Amino acid sequence: MSTRLATGGRLTDRSDRLEFTFNGKRLTGFAGDTLASALLANDQMLVGRSFKYHRPRGVVASGAEEPNALVNLGTGDRVEPNQRATTTELFHGLSATSQNHWPSLEHDIGALNGLVAPVLTAGFYYKMFIHPRPFWKHIYEPFIRQSAGLGRAPDPEARDPDTYEHVHAHVDVLVLGGGVAGLQAAHAAGAAGAQVLLLEQSPHLGGRAPVDGGTIDGQDPEAWVEATVAALKAMDNVDIRTRTMGAGIYDHGYVLGYERLNDHAPWLAGPRHRLWRIRAGQVVTATGAIERPLSFAGNDVPGVMLASAMRDYLVNYGVAAGDRTVVVTNNDDAYRTAIILKQAGLDVPAILDAREYGGGALAAEARALGIRVEQGRAIAKVQGGKRVTGVAICAQAGAGGLLEEIPCDAVAMSGGWSPVVHLWSHCGGKLLWDDAQAMFRPDPDRAPTGADGAPMLRVAGAANGFLRLGDTLRDAEAQGREAAAALGFTPGAGAAPAAEATEEAPLAPVWLMPQGARDDLRKKAWLDYQNDVKVSDVQLAAQEGFESVEHTKRYTTLGMATDQGKLSNINGLATLSRALGEEIPQVGTTTFRPPYTPISMGAIAGEAKGKLFQPIRKTPLHDWHEAHGAHWEPVGQWRRPYAYPQPGESVHDAVMREVTATRTGLGLLDASTLGKILVKGPDAGRFMDMMYTNMMSTLKPGRCRYGLMCSENGFLIDDGVVARIDDQTFLCHTTTGGADRIHAHMEEWLQTEWWDWQVYTANLTEQYAQIAVVGPKARAVLDKLGGMDLSAEALPFMGWAEGTLGGLPARVFRISFSGELSFEVAVPAHRGRALWERLHEAGAEFGATPYGTEALHIMRAEKGFIMIGDETDGTVIPQDLGLHWAISKKKDDYLGKRAQARSHMTDPDRWQLVGLETLEGGVLPDGAYAVAPGRNANGQRNTQGRVTSSYHSPTLGRGIAMGLVHKGPERMGEEIAFAMEDGETMMRARIVSPVFFDPDGEKQNV
Amino acid sequence: MKRYSAFALVREALNGHKGWERAWRNAQPKAHYDAIIIGAGGHGLATAYYLGKNFGITNVAILEKGWLGGGNTGRNTTIIRSNYLQDPSAAIYEKSRALYETLSQELNYNIMFSPRGVMMLAQTEHEVRGYRRTAHANALQGVSTEFISPRRVKELVPIIELNGPRYPVLGALWQDRAGTARHDAVAWGYARACSDMGMDIIQKCEVTGITREGGRVTGVQTTKGDIACDRLGIVVAGHSGVLAEMAGFRLPVESVALQALVSEPIKPCMDVVVMANTVHGYMSQSDKGEMVIGGGADGFNNYTQRGSFHHIEETVRALVETFPMISRLKMLRQWGGIVDMTGDRSPILSKTPIEGVFINCGWGTGGFKAIPGSGWGFAELMAKGTSPLTDPFSLNRFGEGRFIDESVAAGVAH
């Protein structure tokens, strides 16, 4: 059984007992425990079920690489699936449940899959469930979906109560990893004067060194770590963050850090996670190495654990994974585990060393302790189901012939070490194969490069392939110094501390145990514990031609589990290379992708959720609208009143009332959201002539002109009234949704094509409140406010004037989008509310009525004015809309001119703007298409036009619509049929002029 | 070719799976082919397949620089739908969707086409209008779609938040016969069928030059030697511009990175595909249980198959807003692919200025769903010089200004 020893545990505090539950069972652990160590201390080796065969799974590792010990953490709104027990710090009240089983962890029906495992081999689903066709959707797939998936889905209505935040950091040298290499590198760079940030994913600095032994500068590694951390903390230019992982490195050295602030103490206030967005001059990754499992039959039985993990549990937490542990290895490091177990008084019946030549000094030490050491030996098979009960041993060189059976309840395995090269690889760093150590390590000649083409990332210590303590520290010192030097700092005289570690015999690569394992053994030798991928699966993939490592991965799902192959990838690709008869470096690795370990969606989203997600932009009148019952419509990032329904009034009725009130008396519209872009400079006129189809340079100061803007491809993208402020200044009104886009469009041309023109643009949209004062009484109400002469003579149509209106500084534009007498009054934003209220006060006698966007739309449609986004959709040119008059023939060029000369653009067969009048007076559906006889070559119904805008007009008392119709203007009076959404029912309409109301413009000409 | 079936699996299980053949032969190039396809992605393999199946042209090689299916075919979010606005788009995507329905049976390879339904949320009045227009167009195009109410949206997607503070869900365009498929399997299934017809799939074979004589293609130079051909199809997505330059013409495409990500797997909680274009994000749940998430393309040109993180942030933010329960799920992996974008965001399937050279590119962010239809039409174009499915997508359209713009209705992402 696994148990807590009477003493030991350098990270735990035995005076602080914590209660937690696992599958409802009340258990206790100590402060400093991880959930995994606490479970092991309670003899809970079985912690989950695998993905495919639902095999029993136990803790196999002690860190981020853990593929098995995944739990659902928390309850209610705080449910978090797939949390790794090995990196979950225990806290009082923690509640965890195991995953992927029914009805219980111990008795899981899904394990029956194991019985048909011979059929469910790699890629089986590609070969079956093909017939009968409907069965895939209705029977096979739902079953597969239900049995797949790991953690429990949170409740559909769960709302994460925690907050998250983003921070930016800019440093000279960023060190990722706080083991001895990271500390040393940070020290070297810090001593040179560089601003250093060091991130460590775990709560503890020092990494493996305090567990693995040896001495540094004659000290115990733990004492050295303590002293070094103290020295770093004393440096003003060095910052250390624990519980913060280097999650990913992106192009040009953009680094993502993931800090878990209160996962270990959920009662703490403040954000749960913090996402660091870091720009560093140089990055040093000191991310260590991960031990590899060995591939032997039954290597997945709970109780089989990485040798280093078993050592961690013993030293760090005082927890023994078993009473009798067989150690199996191809290198010397695992002997450390055997020695430490023995020294703790636990039984180690044998060390099976696959190497014929055996181990070095550590082996001698083990023997001296009385441990039986066998050379050239291997595990043929692990016995046991939900827990190891023994091992069958054999010769490594053979096919698995049984030599002896040894009862035991745990197996410690070591297949050598793989440097953590993930971060190096994220941003394009290449690897080389180190044959002697059987590992991929970073190729220093093919480093990731920054924006200047120079290497921006270096790797230190075990991550760089230096597994011995002394080498690690020397490399780390050198990398830290070089990182600082690359940034122009002068490293000091310091040197790496001397370290002593036991000499080790070389490792012998073992990719299958025993080397010639029989079929039945290979089918039980697991590579990917979570996804249930076996040696035989990879071999089958190779047999079937899935020879690329990427094909094999995708065909077998090797390395696609939540650990992303941290334990399985190298063993898997070595198996593949053997099956193909190729060398490992020829086979290569799959691509390493961020993040290093999974990071929460909440952290990625950051603060911007709820009301802060694309915050609503508000005009100065927003609160007034809200208080007066506005029915809102989202328009871009704004909300605009769609209408102002009065108590008991429907939205539709409100719209009708607003139109009528405006046409007969006085309407007031908040037009503040319309874009207002200032274009200024000696070349402003020239620039305006390029941006607009109209001639703008000849516009006189004091005058306005309706202008059109086209894309390079000739399509109409925006429209609006341009006012000339003075010789060098234009004020361009854009659509509400277009303001930012059009400003960017202007800047793009200025900055990339006409960078030598003297023009400056500014988006002034939010600087002004703008109110449209519309209707027969418009002038009367403004005159009541007083201060400006707004008579027809003083301010004719399409003129503008500046002055003081009712005591407020104002610009008044005499423009109309409704066909009524209309003035748009702009005042500084903070005076907007005052103007609006004064207009209502003064207008009361004229029935002043606020109106919303829908009334605006109806009035413009009654007049046949186009609306960007309705009549246009990115495929419409001004010529289609009868706007030839707004296109200057005198100019050499404007954006879109060349495109509008293309053959399809000048084709007389284009669809063109008309009015549409339903025969029965009803309203045509928006977006309906007019059908034409026959079908096209692809069998689709032919069409001859479509509805672009459609409304009920209260002014005319019937439905009116605008549309684009094939040769429409030539077909006045003709009747055409529009299909309803069912494609069958038709509604007939007559083609008429798009100007339905006051065609001569008499209403505004007063 | 040994047929796949449950029966065959059981038989092989008893035999220790020793009898499974290679899914596709490991071919070496011959001196001459009637047709060469550059690019063994989904589109290239489907083209070859239909050249053989519909036109009896089987002396075909498919050349692949890396590993087959390793480009965007193996990197996309596997959405299949055909509710496009413009007639030519709806025609080719609907043809494609219809072919997907029976593709597993046709190829004897389970590509796991799952018509679980695709929903495109309308979150502004403008979007409502755009999708209603699309629904009208689809009715006449023979594409079955409907505009559904927020209530129906919630019934189909219990995890959705209808009344977010920013963009409430006003309805959705719903295509119930749209869905997803296993992307790798599509490439593998076509590859197996092509190989079975005697076609040569040659991997790790990079084309380094295109040989012409008198304005006509005569063959290609590759890292595995020169190969002659009568017809050449270039189907290489992100690197189309590079190949076009080898052939001596230019293309109106830009290559940018498009990114996707998956969460850790959880038990089923979302049965349909949801696209939210106003906030830029889409999500579905794979059969493995991962939430598969896609977003917008980067705004700068790029050939590295990586992307910038800020797009991931925007996408995840949008989806946490739309599906708040995902906040405590974790991102497992993010990746990028290089998509080739044209000016009108529609593909190019066309003859080229070089006689005998045909190009199939420009699928941008929407290529996976089009694989069977694209292969079908492009094979017809290569065999007969014309195809009603592909003719509207010719290169000439850019010179003529005859754009097929799909972004029009509501800024729809593919």
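Analyst: Contact means heavy atoms within 4.5 Å. The model is predicted: local features need pLDDT of at least 70, side-chain atom pairs count only at pLDDT 80 or more, and totals for chains, interfaces and linings use all residues. Residues are numbered from 1 along each chain as its sequence is written, chains are lettered from A and ligands numbered from 1 in the order in which they are written, and side-chain values use heavy atoms, leaving out hydrogens and water.

User: Leaving aside neighbours within four places in sequence, which residues is R260(A) in contact with?

Analyst: Beyond those neighbours, R260(A) is in contact with Q83(A), T87(A), R243(A), R272(A) and H273(A). R260(A) belongs to strand β14 (residues 254-260) of chain A; strands (E, at least two residues) and helices (H or I, at least four) are DSSP runs, numbered from the N terminus.

User: Is R260(A) buried or exposed?

Analyst: Buried means under 20% relative accessible area, exposed over 50%, and partly exposed in between (1.4 Å probe, protein chains only). With a relative accessible area of 19%, R260(A) is buried.

User: Which parts does the pair of R372(A) and E404(A) tie together?

Analyst: R372(A) is in the loop between α9 (361-368) and β21 (373-375) of chain A, while E404(A) is in strand β24 (residues 404-407) of chain A, so the pair ties together parts 32 residues apart in sequence. R372(A) is partly exposed at 30% relative accessibility, and E404(A) is partly exposed at 27%.

User: What salt bridge does R860(A) make with D870(A)?

Analyst: Their side chains meet at 3.1 Å, N to O. R860(A) lies in helix α24 (residues 853-862) of chain A and D870(A) in the loop between α24 and β47 (911-918) of chain A, ten residues apart. R860(A) is buried at 0% relative accessibility, and D870(A) is buried at 9% relative accessible area.

User: Where do R946(A) and D873(A) lie?

Analyst: The side chains of R946(A) and D873(A) meet in a salt bridge (2.9 Å, N to O). R946(A) is in strand β49 (residues 941-953) of chain A and D873(A) in the loop between α24 and β47 of chain A, so parts 73 residues apart in sequence are tied together. Both R946(A) and D873(A) are buried.

Definitions and conventions: Salt bridge = Lys/Arg side-chain N within 4 Å of Asp/Glu carboxyl O.
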